[in-house]
Amino acid sequence: TTQTLAHALATACMGNNHLWQDLGLPHRRALSQLMEEQFTTLSRRNTGDMKWKKFLYKQLCEREEIFVCKSPSCGECSDYQACFGPEEGPIK
């Protein structure tokens, strides 16, 4: 069910690696496909292809009106690569 999948995603968000890795998926595209199929509305909000774990946490912060971004837009932020860069292999 969608609720079970949402619980699995929330639990995996607490892991130390990229979300797709913490879910045991083979690559980030598999996670993007899962999000597109199961959480279409949410997936469509990730217009800049932000890393999924960062995107989900950002959504929670915005919902609670907690704005922790360093810059007014992602394009100006010094952490841009951390949010939008490649996701290859384990995080060190």
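Visitor: Is Leu42 buried, partly exposed or exposed, and what is its relative accessibility?
Guide: Please keep in mind that this is a predicted model. Leu42 counts as partly exposed, because its relative accessibility is 24% and the buried class requires a value under 20%.

Visitor: Where is Leu42 found?
Guide: Leu42 belongs to helix 4, which covers residues 40-45.

Visitor: Which residues does Leu42 touch, leaving aside those up to four places away in sequence?
Guide: With those set aside, Leu42 touches Met35, Phe55, Leu56 and Gln59.

Visitor: What separates the C-alpha atoms of Leu42 and Phe55?
Guide: The distance between these C-alpha atoms is 9.8 Å, and the two residues are 13 residues apart along the chain.

Visitor: Turning to cysteines, how many disulfides are there?
Guide: The count is 0 disulfides. In general, a disulfide is a covalent bond between the sulfur atoms of two cysteines.

Visitor: Cys13 and Cys61, then: buried or exposed, or in between?
Guide: Cys13 counts as buried, because its relative accessibility is 10%. Cys61 counts as partly exposed, with a relative accessibility of 22%.

Visitor: Now the charged side chains. How many salt bridges are counted?
Guide: The count is 5 salt bridges. As a general point, side chains of opposite charge can pair when their charged atoms come close.

Visitor: What about Lys58 and Glu62: how do their side chains meet?
Guide: The side chains of Lys58 and Glu62 meet in a salt bridge, with an N to O distance of 2.5 Å. Both residues lie in helix 5 (residues 52-63), and because they are 4 residues apart there, about one helical turn separates them.

Visitor: And how accessible are Lys58 and Glu62?
Guide: Lys58 is partly exposed, with a relative accessible area of 23%. Glu62 is also partly exposed, at 30% relative accessibility.

Visitor: Which residue does Glu36 pair with in a salt bridge?
Guide: Glu36 meets Arg29, with an N to O distance of 3.3 Å between the side chains. Glu36 is partly exposed, with a relative accessible area of 37%, and Arg29 counts as partly exposed at 42% relative accessibility.

Visitor: What of Glu64 and Arg63: how far apart are their closest N and O atoms?
Guide: Those atoms are 3.6 Å apart, and Glu64 forms a salt bridge with Arg63. Glu64 and Arg63 are both exposed.

Visitor: Let us change topic to the surface. Which residues make the nonpolar surface patch of about 340 Å²?
Guide: That patch is made by Met14, Tyr57 and Leu60.

Visitor: Where does Met14 lie, and is Met14 buried or exposed?
Guide: Met14 lies in the loop between helix 1 (2-12) and helix 2 (19-22). Met14 is exposed because its relative accessible area is 66%, and the exposed class requires a value over 50%.

Visitor: Stepping back, how many helices and strands are there in the protein?
Guide: The protein has 6 helices and 0 strands. Along the sequence, the pattern reads α-α-α-α-α-α.

Visitor: Lastly, what share of the contacts between residues at least 6 apart in sequence joins residues at least 24 apart?
Guide: The share is 52% of those contacts.

Definitions and conventions. Residues are numbered from 1 along each chain as its sequence is written. This is a predicted model: local features need pLDDT of at least 70, side-chain atom pairs count only at pLDDT 80 or more; totals for chains, interfaces and linings use all residues. Side-chain values use heavy atoms; hydrogens and water are left out. Helices (H or I, at least four residues) and strands (E, at least two) are DSSP runs, numbered from the N terminus. Buried means under 20% relative accessible area, exposed over 50%, partly exposed in between (1.4 Å probe, protein chains only). Contact means heavy atoms within 4.5 Å. A disulfide is a pair of cysteine sulfur atoms within 2.5 Å. A salt bridge is a side-chain nitrogen of Lys or Arg within 4 Å of a carboxyl oxygen of Asp or Glu. Patches are made of residues with over 30% relative accessible area and no salt bridge: like charges are joined within 9 Å, nonpolar side chains (Val, Leu, Ile, Met, Phe, Trp, Tyr) within 5 Å. Accessible areas come from the Shrake-Rupley method with a 1.4 Å probe; for residues, only the protein chains shown count as cover.
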